[in-house]
Amino acid sequence: AKVIDDHLAVQTIIRSYQVRGHNVADLDPLGIASADLDSTIPPELIVSNYSLEEQDLEKEFRLPPTTYIGGDKSVLTLRSIIDRLKEVYCRHIGVEFMFINNLEQCDWIKRRFETPGIMTMSKEDKRTLMARLIRSTRFEEFLAKKWSSEKRFGLEGGEVLIPAMKTIIDSSSDLGVESFIIGMPHRGRLNVLANVCRKPLDQIFCQFDSKLEASDEGSGDVKYHLGMSHERVNRVTDKKVKLAVVANPSHLEAVDPVVQGKTKAEQYYRGDNDGKQVMSILLHGDAAFAGQGVVYETFHLSDLPAYTTHGTIHIVLNNQIGFTTDPRSSRSSPYCTDVARVVNAPIFHVNGDDPEAVVHVCKVAAEWRSTWGKDVVIDIVSYRRNGHNEIDEPMFTQPLM
């Protein structure tokens, strides 16, 4: 009977890691806060709470068909089962997906994260990633040096957003998408325009300096509210892609339904009935994602036959703070992304200081959208290096961060 009990206990442990592993994942780059506002370890992840002893760690157990951690092995010792589960679910990626009520989709996600060695990157990919991170960082450094007293809502602390978006665009372009419609708030917008969309830098710098001649009149809005649209060749897939960033005012999430409408219209006029050619990418701040009703309303359009855009990829650039408010004081749910669970979207939390992990998650998200035509959320847990904007004095409000 003990053998049967032990095998059942091992199955329970495996399931507990799949369900709750994200709660103990190492997500905050600064190590100050817990992304889920709770620093305790869930009791179901503690092996001694089961009927298993120290000597059982060296015992071999048969792996259930509900996990892929064994690779081609069907038997592993309990010690290596737990080590592998920790490696998959408790390091820099927290995967929230077990609430999805579709077995096939859950299995699909497990396979993308549990299979041994699935995270390894080629040298070439690492070089590309490095180059993108340098572009992202250098852009902000240049602006900080040249126009030190200008607001720009820079990306400092979340520089990994640039390789993240470029990975999504590369992978989706590979899977047949030709047109991307992007909606985003201010933080990092100039960097996205420069490095993701390749808006000519002189046009961006003109907005900083009235002495520089601008080629057109401009709209009169502040530079970090403006959008753009143009076509360029994707260097990775050698296909043409169209990129549009929708202009967005200070009402942070107001752009969400606009982006969906624009995407739907373009799909309609192209005859793209299952969204294989045109897709939307929405960026969010953590506080606005949890705090603004329009996010929830837009999510509820995602599966309506007349409104669906066949899956949006949402990236939450999670600064773990809204203006000056701590997450603990601004939302009641453990994660800022919990509002997305209402449409059964998988949620990938990832530590913003592990670019390889971020890139892996972005590839999986692009594949998910292509395979299932449903929304998916990437929660990049990062921080702000300069307070709300560059003129802010963070020492008054968030000295620790």
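Reader: Is Ile380 buried or exposed?

Author: In this predicted model, Ile380 counts as buried, because its relative accessibility is 0%.

Reader: Where does Ile380 lie?

Author: Ile380 belongs to strand 10, which covers residues 376-381.

Reader: And what does Ile380 touch?

Author: Leaving aside residues up to four places away in sequence, Ile380 touches Val160, Ala164, Ile315, Val316, Leu317, Asn318, Val350, Gly352 and Val358.

Reader: Turning to the helices, how buried is helix 5?

Author: Helix 5 is largely enclosed by the rest of the structure, because 13 of its 14 residues are buried. The helix runs over residues 161-174 and reaches 20 Å from its first C-alpha to its last, close to the 20 Å expected at 1.5 Å a residue.

Reader: What comes just after helix 5?

Author: Gly176 is found there, with a positive phi of about 110°.

Reader: Which residues other than glycine take a positive phi?

Author: Gln320 is one of them, with phi near 60°, and Asn344 also has phi near 60°. As background, most residues other than glycine have a negative phi.

Reader: Where do Gln320 and Asn344 lie?

Author: Gln320 is in the loop between strand 8 (312-318) and strand 9 (347-351). Asn344 likewise lies in the loop between strand 8 and strand 9.

Reader: Is Gln320 buried or exposed, and what about Asn344?

Author: Gln320 counts as buried, because its relative accessibility is 7%. Asn344 also counts as buried, at 19%, since the cut-off for that class is under 20%.

Reader: Which residues of helix 4 are buried, and what do they pack against?

Author: The buried residues are Leu129, Arg132, Leu133, Ser136, Phe139, Glu140 and Leu143. They pack against helix 5, helix 6 (189-195), helix 7 (201-206) and helix 11.

Reader: Helix 11 interests me. What does it give to the lining of the largest cavity?

Author: Helix 11, residues 355-372, gives the most to that lining, with three residues. The lining as a whole is formed by Ser172, Leu175, Val177, Lys276, Met279, Ala366, Arg369 and Ser370.

Reader: Next, cysteines. How many disulfides does the structure hold?

Author: The structure holds zero disulfides. Cys106 is in none, and the nearest cysteine sulfur, that of Cys90, is 17 Å away.

Reader: Why is Cys206 too far for a bond?

Author: The closest cysteine sulfur to that of Cys206 is in Cys197, and it is 18 Å away, too far for a bond.

Reader: Are these two cysteines buried or exposed?

Author: Cys106 counts as buried, because its relative accessibility is 7%. Cys206 counts as buried too, at 17%.

Reader: Now the loops again: where is Val246 found?

Author: Val246 is found in the loop between strand 6 (240-245) and helix 8 (255-270). With 12% relative accessibility, Val246 counts as buried.

Reader: What does Val246 touch?

Author: Not counting residues up to four places away in sequence, Val246 touches Ile181, Ile182, Arg189, Gly227, Val255, Val258, Val259 and Lys262. Val246 and Met228 are 18 residues apart in sequence, with a C-alpha to C-alpha distance of 6.8 Å.

Reader: One last residue. Where does Tyr50 lie, and what does it touch?

Author: Tyr50 lies in the loop between helix 1 (2-20) and strand 1 (60-62). Beyond residues up to four places away in sequence, Tyr50 touches Ala9, Thr12, Ile13, Ser16 and Glu44. Tyr50 is buried, with a relative accessible area of 18%.

Reader: How far apart are Tyr50 and Leu193?

Author: Tyr50 and Leu193 are 52 Å apart in space, C-alpha to C-alpha, and 143 residues apart in sequence.

Key. Residues numbered from 1 in each chain as written. Predicted model: local features only at pLDDT ≥ 70, side-chain atom pairs only at ≥ 80, totals over all residues. Heavy atoms only, no water. Helix = DSSP H or I, 4+ residues; strand = E, 2+ residues; numbered from the N terminus. Buried < 20%, exposed > 50% of the residue type's maximum accessible area, 1.4 Å probe, protein only. Contact = heavy atoms within 4.5 Å. Disulfide = S-S within 2.5 Å. 1 Å grid on protein atoms, 1.4 Å probe; cavity = no way out; pocket = protein on both sides within 12 Å on 5 of 7 lines; lining within 4 Å. Expected span 1.5 Å × (residues − 1).
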